[in-house]
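Subject: Structure for you to look at

Hello,

Here is the structure I said I would pass on. Please open it first; my notes follow below.

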Amino acid sequence: MTTTLFDSPLGVVAISGNDTGVSGITCTNVSPVDNAPGGPVPEPVRLAAEQLKAYFAGELKSFDFPINPAGTAFQQSVWRALLEVPFGTTLSYLALARRMGDEKAIRAVAAANGRNPLWIVVPCHRIIGSDGSLTGYAGGLWRKQWLLEHEGAFARSNQMSLF
């Protein structure tokens with residue numbers, strides 16, 4: 001497993017993965033200067049860094065590098081559903097649970113959303129409360145707000161699907 005770091009508008013981004021795909025993307029307090037490469041960076045990790053930098057620059061709206069997140073079958077199904085939430089839009093936790101076929105699973109869907117290891121790429125930041133509130137973001141609500149503003153989601157509130 002290789003980790004690479006770079007500065008972003010939201011802090012230092014850490015990308016971890018190997019030749020089969022990226023398994024983790026988070027924000028960290030480690031300085032990119034402390035990221036002394038221990039060998040070649042796997043292609044999926046290199047592509048992820050390149051594409052995330054383009055995303056932050058406003059030049060990219062979707063990602064196409066290989067991902068390989070570890071999680072339960074249910075978590076994997078929630079993360080796949082998150083990948084279907086378009087750039088610049090939001091969806092409520094309830095609506096996501098309904099899309100997955102069981103609105104009673106809303107708490108389990110929210111918990112899986114919160115365990116998403118691929119920050120931004122699997123867009124858990126696009127999931128909000130049924131009342132439109134910004135709830136439940138492991139990276140901090142200020143980052144969630146920044147990401148939604150960056151994507152123009154607030155300007156497109158008429159596209160928001162709450163129910």
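In which sense do β1 and β2 pair, and over how many bridges? They pair in the antiparallel sense, and the bridges between β1 and β2 number 7. One example is Thr3, whose bridge partner in β2 is Ser16. Please keep in mind throughout that this is a predicted model.

β1 and β2 belong to an open sheet of 3 strands, ordered β1-β2-β3, with antiparallel pairing. β1 and β3 are the edge strands, each pairing on one side only. From one strand to the next, the twist averages 20°. Helix α1 packs on this sheet and touches β1, β2 and β3, and its direction makes about 150° with that of β2.

α1 has 14 residues. From its first C-alpha to its last it reaches 20 Å, close to the 20 Å expected at 1.5 Å a residue. Because 10 of its 14 residues are buried, α1 is largely enclosed by the rest of the structure. Among the buried residues are Pro44, Val45, Leu47, Leu52, Tyr55 and Phe56. What do the buried residues of α1 pack against? Their partners are β1 (2-8), β2 (11-18), β3 (21-28) and also α5 (141-150). After the helix comes Gly58, which has a positive phi, near 80°.

The aromatic residues

Searching the whole structure gives 6 aromatic pairs. The ring centres of Tyr55 and Phe56 are 5.5 Å apart and the planes are at 75°; planes over 60 degrees apart count as edge-to-face, so this pair is edge-to-face. Tyr55 is buried, at a relative accessible area of 0%. Phe56 also counts as buried, at 11% relative accessibility.

Tyr55 has another ring partner, Phe87: the centres are 6.4 Å apart and the planes at 85°, so this pair too is edge-to-face. It links distant parts of the chain, since Tyr55 lies in helix α1 (residues 43-56) and Phe87 in the loop between α2 (73-82) and β4 (91-92), 32 residues apart. Tyr55 and Phe87 are both buried. Ring pairs join Tyr55, Phe56, Phe63, Phe65, Phe87, Trp119 and Trp146 into a cluster.

The loop between α4 and β5

Two residues of this loop are worth a look. Cys124 is found in the loop between α4 and β5, and an unreviewed UniProt entry annotates Cys124 as "active site". Is Cys124 buried or exposed? Its relative accessibility is 7%, and under 20% means buried, so Cys124 counts as buried. Not counting residues up to four places away in sequence, Cys124 touches Leu82, Asn113, Asn116, Tyr137 and Lys144.

Arg126 is also placed in the loop between α4 (106-114) and β5 (127-128). Arg126 is buried, with a relative accessible area of 5%. Leaving aside neighbours within four places in sequence, the contacts of Arg126 include Phe87, the residue that pairs with Tyr55. Others in contact with Arg126 include Lys61, Val85, Pro86, Leu91, Leu148 and Glu151.

Regards

Methods: Residues numbered from 1 in each chain as written. Predicted model: local features only at pLDDT ≥ 70, side-chain atom pairs only at ≥ 80, totals over all residues. Heavy atoms only, no water. Phe/Tyr/Trp six-rings, centres within 6.5 Å; stacked < 30°, edge-to-face > 60°. Buried < 20%, exposed > 50% of the residue type's maximum accessible area, 1.4 Å probe, protein only. Helix = DSSP H or I, 4+ residues; strand = E, 2+ residues; numbered from the N terminus. Contact = heavy atoms within 4.5 Å. Expected span 1.5 Å × (residues − 1). UniProt positions renumbered as here; feature names shortened; annotations may be inferred. Pairing = 2+ DSSP bridges. Axes fitted to C-alpha atoms, helices over the stretch in contact; angles between N-to-C directions.
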